[in-house]
Amino acid sequence: MRLMPISKCRPGMRLARKIYSEEGLVLLAENIELTARMIKRLMNAGIPYVYIQDARVEDAVLPQIIRDETMREALKEIRSSFRIMMDRPDGRKGVTYPYISKSYQNVMSMVIEDLTAHKDAMIMLMNMGAVDQYLYQHSLNVCVYTTMLGIAEGYSRDELTILGMGAALHDIGKTQIPDSILKKEGKLTSEEFEMMKKHTEIGYRMLKDEPNISLITAHCAFQHHERLDGSGYPRGIKGDDIHDYAKWIGLVDSYDAMTTNRVYRPPMLPHQAIELLYAGTGTLYEQRMVEQFRDKVAIYPIGLTVRMNTGETGIVVDINAACPHRPIVRVIENEGGEPVQVPYEIDLSKRLTTMIVSVNDEPTEVPSASGL
């Protein structure tokens with residue numbers, strides 16, 4: 001399979017992976033032939049990339065660390081609980097939904113089971129091929145990525161459940177923020193940004209009195225925008241005053257926001273987002289956490305088209321788990337830009353003088369980002 005920007009897809013190409021609705025249902029199946037109308041609809045739906053069949057890399061397989069059933073159940077639960085909260089005015093007393101805890105624990109059990117079966121798996125982008133309302137898919141992504149990091153940290157099953165629930169519910173306070181602010185295409189005014197920042201406090205108040213939901217889970221919603229140097233919000237607390245779970249969630253939240261298509265900007269690719277996270281090491285994020293995250297992220301995802309400093313162009317066909325920023329690339333064009341008759345592979349972890357200089361014909365420059 002080959003990961004292609006939707007803008008470069010052409011009629012006649014065939015999908016290599018399914019396209020899902022916000023409900024987690026299949027909209028377009030594997031092997032379907034794309035038409036001009038389909039491509040336009042996918043572009044309008046905000047899907048930045050799709051996986052396309054390519055005979056030259058038909059053996060490149062993207063591991064599925066989360067089963068379709070788990071993804072559907074998790075999205076269903078997130079969507080259901082968030083919509084309930086949307087209808088519940090912030091601060092209403094005496095109204096709780098104790099079943100939320102039980103249903104989330106069931107979902108977390110499924111997520112943990114799937115992830116522990118793939119302990120050595122790398123974090124792959126989950127936004128590819130999903131038509132979604134950003135808040136729901138983002139919450140699922142942060143839950144999955146953070147739980148993977150918790151497993152790598154050696155957290156117990158109970159700790160993973162609390163961490164994962166905190167990650168899934170970290171943005172629940174946004175249910176009380178107007179859509180005019182959440183979905184605004186331009187830059188927020190200072191007043192709008194102050195309103196947006198309130199989602200952390202609102203989320204905390206929503207969760208802290210829910211029966212059988214850990215107070216730590218509520219603090220994940222409260223603290224996930226706090227930063228090491230005190231530059232975060234809502235309280236501007238520093239260092240050890242921020243719970244480790246909130247630190248993990250804050251790191252992953254920033255990464256997923258940067259790598260997701262938004263109404264006000266296109267998505268970054270993983271290598272760009274990681275560079276920006278590194279820029280915040282020691283001030284915004286703990287160095288060991290950024291390094292742990294880097295070591296679990298497939299910086300150049302399988303199927304990505306890359307060009308190297310040798311002039312050769314290839315497709316990433318495998319990830320070196322011990323060195324994820326140096327993948328295995330199958331060369332399809334030589335240094336003169338001519339197709340090669342027999343594609344060959346370069347293991348960048350062994351050829352250290354060969355560097356990736358562009359991705360999808362775009363230089364590997366790191367765009368600016370705010371709100372890290």
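**Notes on helix packing**

1. The crossing of α11 and α12 is left-handed. This is a predicted model, and the points below should be read with that in mind.

2. Helix α11 covers residues 270-279 and helix α12 covers residues 287-296; their axes come within 10 Å and cross at roughly 170 degrees. Angles over 145 degrees count as roughly antiparallel, so α11 is roughly antiparallel to α12.

3. Which residues of α11 and α12 meet? From α11 they are Ile274, Leu277 and Tyr278, and from α12 they are Val290, Glu291, Phe293 and Arg294. By class, the residues of this contact between α11 and α12 are five nonpolar and two charged, with no polar ones.

4. Helix α11 also packs against helix α10, which spans residues 244-258. The axes of α10 and α11 come within 9 Å, and the crossing angle is roughly 140 degrees. The two helices, α10 and α11, are therefore oblique to each other. The crossing of α10 with α11 is right-handed, whereas that of α11 with α12 is left-handed.

5. On the α10 side of that contact are Leu251, Ser254, Tyr255 and Met258; on the α11 side are Pro270, Ala273, Ile274, Leu276 and Leu277. Eight residues of the contact of α10 with α11 are nonpolar and one is polar, and none is charged. Ile274 and Leu277 of α11 meet residues of α10, and Ile274 and Leu277 are also listed in the contact with α12.

6. Is helix α8, residues 199-208, largely enclosed or largely open? Seven of its 10 residues are buried, so α8 is largely enclosed by the rest of the structure. The buried residues of α8 are His199, Thr200, Ile202, Gly203, Tyr204, Met206 and Leu207. The cover over these residues of α8 includes α2 (68-86), α7 (190-197) and α9 (215-223).

7. For the chain as a whole, there are 12 helices and 10 strands. Of its 372 residues, 54% are buried. The chain exposes about 16700 Å², and carbon and sulfur atoms supply 50% of that area.

8. A last point concerns contacts along the sequence. Among contacts in the chain with a separation of 6 or more, 65% are between residues 24 or more positions apart.

Technical notes:
Residues are numbered from 1 along each chain as its sequence is written. This is a predicted model: local features need pLDDT of at least 70, side-chain atom pairs count only at pLDDT 80 or more; totals for chains, interfaces and linings use all residues. Side-chain values use heavy atoms; hydrogens and water are left out. Axes are lines fitted to C-alpha atoms, for helices over the stretch in contact, and angles run from 0 to 180 degrees between N-to-C directions. Helices (H or I, at least four residues) and strands (E, at least two) are DSSP runs, numbered from the N terminus. Angles under 35 degrees count as roughly parallel, over 145 as roughly antiparallel, 65 to 115 as roughly perpendicular and the rest as oblique. A crossing is left-handed if the near helix is turned anticlockwise from the far one by less than a right angle, and right-handed if clockwise. Contact means heavy atoms within 4.5 Å. Ala, Val, Leu, Ile, Met, Phe, Trp, Tyr, Cys and Pro count as nonpolar, Asp, Glu, Lys and Arg as charged, and the others, Gly among them, as polar. Buried means under 20% relative accessible area, exposed over 50%, partly exposed in between (1.4 Å probe, protein chains only). Accessible areas come from the Shrake-Rupley method with a 1.4 Å probe; for residues, only the protein chains shown count as cover.
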